Amino acid sequence: MIAATFRRVLPQLLILGVVLLLNFAVFPGFFHIEVQNGRLFGNLIDVLNRGAPVALLSIGMTLVIATKGIDLSVGAVMAIAGAVAASVVTGGAGWFTALLAALAAGLACGLWNGMLVAFFRVQPIVATLVLMVAGRGVAQLITEGKIMTFLNEGLIHLGAGTVFGIPTPIVIWLAMGALVTLVVRRTALGMLIEAIGINETASRLAGINSRVLLVTVYLTSGFVAALAGVIVAADIKGADANNAGLWMELDAILAVVIGGNSLLGGRFSIVASLLGALIIQSVNSVILLSGMPPEFNLVIKALIIIVILVIQSPIVKQSIYLLRAKASSTVSDMPGPASRPQPAKETRS
Amino acid sequence: METQMKPILRAKGIDKFFAGAIALDKVDLTLYPGEVHALLGENGAGKSTLIKSLTGAYHRDGGTIELDGAQIDPRSPVESQALGIGTVYQEVNLLENMSVSDNLFLGWQPMKRRLLDHREMHRRAREILKGYGLDIDPTQLLSSYSIAIQQVVAIARAVELSGKVLILDEPTASLDREEIELVFSVVRNLTSRGMAVVFITHFLDQVFELCDRATVLRNGCVVGERKLADVSQGDIVELMLGHHLEATKRRAKQSSPGETILSMKGFGKRGMIEPFDLDLREGEVVGLAGLLGSGRTETCKVIFGVVSADQGSAELSGKSIRLSSPRTALEHSLGLCPEDRKTDGIVGDLSVRENIILSLQARQGWTRPLKRSRINQIVDEYVKALDIRLASPNMPIRLLSGGNQQKALLARWLATEPDILILDEPTRGIDVGAHAEIIDLIERLREQGMALIVASSEMEELVAYSTRVVVLRDRRQVRELRGEEITTDRIVKSISQGETAA
Amino acid sequence: MMRSPRLALYITMTTFVLAFLISASQYPSMLSTRVVANLLTDNAFLGLTAVGMTFVILSGGIDLSVGSVIAFSGVFLAVILRDTSMHPLVAFVLLLMVTTAFGAAMGSIIHYLEMPPFIVTLAGMFLMRGLAYVLSTDSVPITHPFYDTIQDVVWKAPGGGRFRLIGGIMILAYIVAMIVLHKTRFGRNVYALGGSAGTARLMGVPIARTTITIYAIGGGLAGLAGIVYSIYTSAGYSLATVGVELDAIAAVVIGGTLLSGGSGYVAGTFFGILIMGLIQTYIVFDGTLSSWWTKIVIGGLLFAFIMLQKALGWATTKGRRPASESATQS
């Protein structure tokens, strides 16, 4: 099991290793970690810490994408959760109540998305677009358009504090990643999610309740997005409904794709997505540390995506498959590159 | 008469190989102007492959095609259409989101001053469709019209663009009787104008009603070309099935079945399967016989709740139940191995192990995962019991051969310990060895007291293991054969003559 | 029974007219040529982007890169006009060539590598935004006299409305787009592609050429929107127009176009833009309402129109009459 996971994430580990070495090359002190005032410091720690929001989002996004879906609303959900947490603590409640309220808001958003997808059969991209557009407005409504600052130590601790010297965000995303991985892999959830992502018809015929599963993955996505939103708000000691989580859904999708998970659903690896999130953060870091103007960040990111996507594209995959396997009956008669496996009705005589 | 006429299309010695396997072996097809020519054969006989090779959807590996005396070599359906061969498929290949005129004229719209002339287009569309006996508003969306009208629009487009040969690939499969009449009158109209029409269907009645001649394919070879006026339906069925119609020996006497476990009254779904009664008892195999499209698969689907029945009732061991979805069927200890393994059965990228335990796990719910040891035990047991040949249970199921995939799907359902197992074409497309093993398994399960429904196009198979055989035709149960009545001969007769239950 | 795509268009138009009347009944001053002129001027670049987006969405695709392309265009023009002596018109042509080629390249990747448009244009979005940063991270003012000339092209309507050239360009783009979509074979092919790519291929639609042209049009119009935006703001800034793609998509959907493709009208998009502009105008007039209501209302409208489309799609197929009713006795 562990060996299989390792084999699965090997490409991501290699890419991460290379990017980290690049970091080291441009900044020799990169791997230096020290303890100051009982807190770990170092560039590596920064990468892990700064990468927390995208890492958290990528957990939920991995599950959603595994079902052939997508969740565009996570950035807006982050803004809502941050706003809810801030308004609850400024209202005088404790940090834990604020956290619970924020998580509840995240779950509510997830439920909304899940219902639209599972029961109304709205395409996921359309269904989650609604919340992507409206959600940020809702967050601004809660904060009344201002950056709603707070001084609650407990809440700030979630973003800026430490647990046994480790920054709290790192602890949270590692714990969340481990928890969700354990839940999906120790229960049958992971397999059933993969089954509906690969072949929903066959899964339904095998007796799987795809609706419940779909709602579950969007709930998860809403939940981790809320956590990420709270962390971001806590980090800056305020909820910024305008900018919190802005375009982070795209980074999260990217992390999942870099993690080698297919956008067409099916087999997934949360660990690989988390590594994908770290790769994105390390790329940011190398550009920052190299003294290269940060403006190159996006161009490089774009080029990396393009390379990874081309490798993942069906046509390249098929050519690799053709090179490896001897031509099978279906492959030998594909009329053109754009043809897909024909529906059964047509292949029969 | 046709011997004096010049053929409009003459395909000679068409060969087609798929990765070494022969799909078409020197197939000849000759069409005369003004005739409706049926292309017949069971599944996998090569009908679609032949059509695709003729129209250039496939690249043929041998043979020549002559159209109007000139050699042609179309590279794509679009090219063959330009040459004069139009094709209309079972699923209407038109665009529901566009208007009827758009669909008729896409790619060859009338132009005026370099822009589309909509008025002219609609006018001509109206005119053309009138010629097909349709008085509809062509500015409306195609989707606002019934499938039959869409089918006629598809025919009209194909004829306007090609005009010599029209190939109709199961155009009536999803139409009701009145709608079929509409399509038939259109076809007759076309042939009277000198077109040649190839008609592919599984409904033999329709063949005899509409067609002049038939070419019958079996296993990629032409087994006969007949003038339909000279032969009976039985002759054609024999040709298609290729059965040496001597009575197949029934296996050893079956023990008598037990209690009735599932009982259906007036069970059916409009447009899919006529209401039927069926009592299923422990320890019996009910065979479903009939040609493709006769309602075999539909019966299986409606019982399992893949499509929920809109009439009738079902009782399980005396208690009334609703079979509204596969999930409820699973909860009531039913199982279904679907006809189309690839799209409805296997979850390709999951491992064999996961595929085997999928239904059992689905019934338990995701919160209660099967223990690893239990999974291994189940998988080992069935891999051994069914002799599933694999390198490892961890390999993706799509890499297994057809027979082994089928065994794994059987294992999936057997693992749920069902009371009732429905098998739709359990032996299709699998090798001889696995074939015999699956038949043995069916008998074993019956002896253990399971109730089975098996739909199959293989007569000998049904004869070998069925306690009763229900014969279907035109989506209706027409005959039930019991005991000594169960012979391939009787089954074929019931299918072709549609003799009603005595 | 009415045709469903038309019906969606009419609903959008009615929504706009009703909303405008309600607004005007509350604030009579909104019934002025000034408000109308500002509506057109302020939304010109978004309107142009939405035209391109309509093509892309009608064909069943999506283009996330347009906001970045506009920002890139602004910076590109500003830097060229600052650092060279090129005439703005030449720079415009050069820019349109670049963005059109960029769109065509994305279309080619989508078609030939069979990759989802969402992810390809996402990469394009990062790339163009990145290139804009690389050109300049600061806002670069444009001081070319030609820009002043263009900005001075104003038609003063009675009632104080000042109709500017860029609003005119947008309206012209809508008219041309309508002609292309409804009166050319290419336009019908766009709809065909959005209906079903597989069927369109069988019916002889040149899929590769159509797909590439569609994304090229999207890129070209985003470039034109960039030019208009640079005239509007007299500057180029790499952080500008973030999220415009989202507004454009929203306008298209509110305009009654199906996000899954194949059904809709570019005229609907125009009214979608007007509705979105009207919401903002209303909020300005009201003075007490906060800007975030714009997003919430637009989100609500999106939801309403998505549900409406679901209902209409269902109603069209349910309303089918039996074939026999249409058969003439032959």
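View 1. Of the contacts in chain B between residues at least 6 apart in sequence, 69% join residues at least 24 apart; two residues are in contact if their C-beta atoms, placed from the backbone, lie within 7 Å. The model is predicted: local features need pLDDT of at least 70 and side-chain atom pairs count only at pLDDT 80 or more, while totals for chains, interfaces and linings use all residues. Residues are numbered from 1 along each chain as its sequence is written, and chains are lettered from A and ligands numbered from 1 in the order in which they are written. Buried residues (20 or more other C-beta atoms within 10 Å of their own, with C-beta atoms placed from the backbone) make up 52% of the 502 residues in chain B.

**View 2. Domains of chain B.** An automatic or database assignment gives domain 1 (9-97 + 141-241), domain 2 (248-333 + 419-502) and domain 3 (346-417). The centres of domain 1 and domain 3 of chain B, taken over C-alpha atoms, are 41 Å apart.

**View 3. The side of chain C that touches chain A.** Here 36 residues of chain C are in contact with 32 residues of chain A. On this side of chain C, α6 (117-135), α12 (244-254) and α14 (292-318) each supply at least two residues; helices are DSSP runs (H or I, at least four residues), numbered from the N terminus. The largest share, twelve residues, comes from α14(C).

Definitions and conventions: Buried ≥ 20, exposed ≤ 12 C-beta atoms within 10 Å, placed from the backbone.
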